[in-house]
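Subject: Structure for your review

Dear colleague,

Please find below the structure that I am handing over to you. My notes on it follow.

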Amino acid sequence: MNVKVGDELPELVKHPTTRQLVQYAGAQGDFYEIHYDQEYAHSVALPGVILHGLLKAAFLGQLVTDWLGDRGTLKTFEVSYRGVDMPGHPYRCRGRVARVEGDDVELEVWGEDETGKRTTVGTATVQMRD
Amino acid sequence: MSNQEEPSLSGLPAATAPVIDRLKSRIGVDGPSVTATVEAGHLKRFAEAIGDRNPRWAREVPPTFLVALAPISVHVAEAEEYGKGWLNGGNRFEYVAPVTVGDHVTATGRIADVYEKPGSTGALLFIIFETDYVNQRGELVARLRGTMIRR
């Protein structure tokens, strides 16, 4: 198996738009107004509409499945949302191999805003095929 | 606010017991199950919405799709008496078996924990939800744990 601790996952840069947030709201069925209604977002002390945490999780999920391909199976995927992100700004998804034990591999993944702040951090565990 | 006489483990009428006690009384109690079919069209719209063009998502579900399959009780109405907005704190998915187009998946959710924590701009209410997903053959396919925060 050709995976070593410290290997970096090919980064994935997303360019979320308000349109995408509406599309995601419909696809997930989460119509909480903070994701598409600027006035509402301001009324709850947000700087404007923000990305769904689960959309950022989906971006990081893609980072992992793009890297993994058919070489193994995703077993767990965990994300914590540490900050809000706004549409109209690139969202950079990155990751690296944190641990390898036989066929079990743990990945550290995170999403960065334009300033390099990690607004989403997470872990994925995968089982590689022999 | 509703004035219904809901029973509450704290012994207080539901409408006057602090919301945190009412939520705590539901820890570990399964909510109503929801069954949904994984439809190819829904899967396609979801993959488009997240901007993931991987062709495998024509048949298989991507890692976070299950949250879109059945409404999970993340927005517990009564918790909205606390604070003024929701924040998603985090999600943890555990994958046990593959889910593909045509599967009938039953989601059963419950509150796993409720607690208050001080935040930088006042107290925050944390609600931990768990959802189990079981397929048409009765096999557990995935588990989800989510942290929702009222601020």
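How many residues of chain A are in contact with chain B, and how many of chain B with chain A? In this predicted model, 27 residues of chain A are in contact with 25 residues of chain B. Three elements of chain A, namely α1 (18–28), α3 (53–68) and β2 (72–81), each contribute at least two residues to the side of chain A that touches chain B. The largest share of that side, 9 residues, is supplied by α3(A). Sorted by class, the side of chain A that touches chain B consists of 14 nonpolar, 10 polar and 3 charged residues.

The sheet

The two chains also meet through their strands. β2(A) pairs with strand β2 (residues 86–95) of chain B in the antiparallel sense, over 5 bridges. Within this pairing, A:Ser80 has B:Gly90 as its bridge partner in β2(B). As a general point, the strands of a sheet pair through backbone hydrogen bonds, either parallel or antiparallel.

The pairing belongs to an open sheet of 10 strands with antiparallel pairing, in the order β1(A)-β3(A)-β4(A)-β5(A)-β2(A)-β2(B)-β5(B)-β4(B)-β3(B)-β1(B). At the edges stand β1 (12–14) of chain A and β1 (34–37) of chain B; each has a single partner strand, so one side of each is left without a neighbour in the sheet. On average, neighbouring strands of this sheet are turned by 25° against each other, direction ignored.

Within chain A, β2(A) is joined by 9 bridges to strand β5 (residues 118–128), and these two strands run antiparallel. Here A:Thr76 stands opposite A:Thr125 in β5(A).

The helix and the cores

The helix α3(A) lies across β1, β2, β3 (91–101), β4 (104–112) and β5 of chain A, together with β2 of chain B, and runs at about 150° to β2(A).

In soluble globular proteins, nonpolar side chains tend to be buried together. The largest nonpolar core in this model has 52 residues. Those with the most contacts inside this core are A:Phe59, A:Leu60, A:Leu63, A:Val64, B:Phe46, B:Ile50 and B:Leu66. α3(A) gives the most to this core, with 9 residues.

Which residues does A:Val64 contact, leaving aside its neighbours within four places in sequence? A:Val64 is in contact with A:Leu74, A:Phe77, A:Gly95, A:Leu107, A:Val109 and A:Ala124. A second, separate core has 10 residues, including B:Ala79, B:Ile111, B:Leu125 and B:Phe129.

With kind regards

Definitions and conventions: Residues numbered from 1 in each chain as written. Chains lettered and ligands numbered in written order. Predicted model: local features only at pLDDT ≥ 70, side-chain atom pairs only at ≥ 80, totals over all residues. Contact = placed C-beta atoms within 7 Å. Helix = DSSP H or I, 4+ residues; strand = E, 2+ residues; numbered from the N terminus. Nonpolar A, V, L, I, M, F, W, Y, C, P; charged D, E, K, R; others polar. Pairing = 2+ DSSP bridges. Axes fitted to C-alpha atoms, helices over the stretch in contact; angles between N-to-C directions. Core = buried A, V, L, I, M, F, W, Y, C linked by C-beta atoms within 7 Å. Buried ≥ 20, exposed ≤ 12 C-beta atoms within 10 Å, placed from the backbone.
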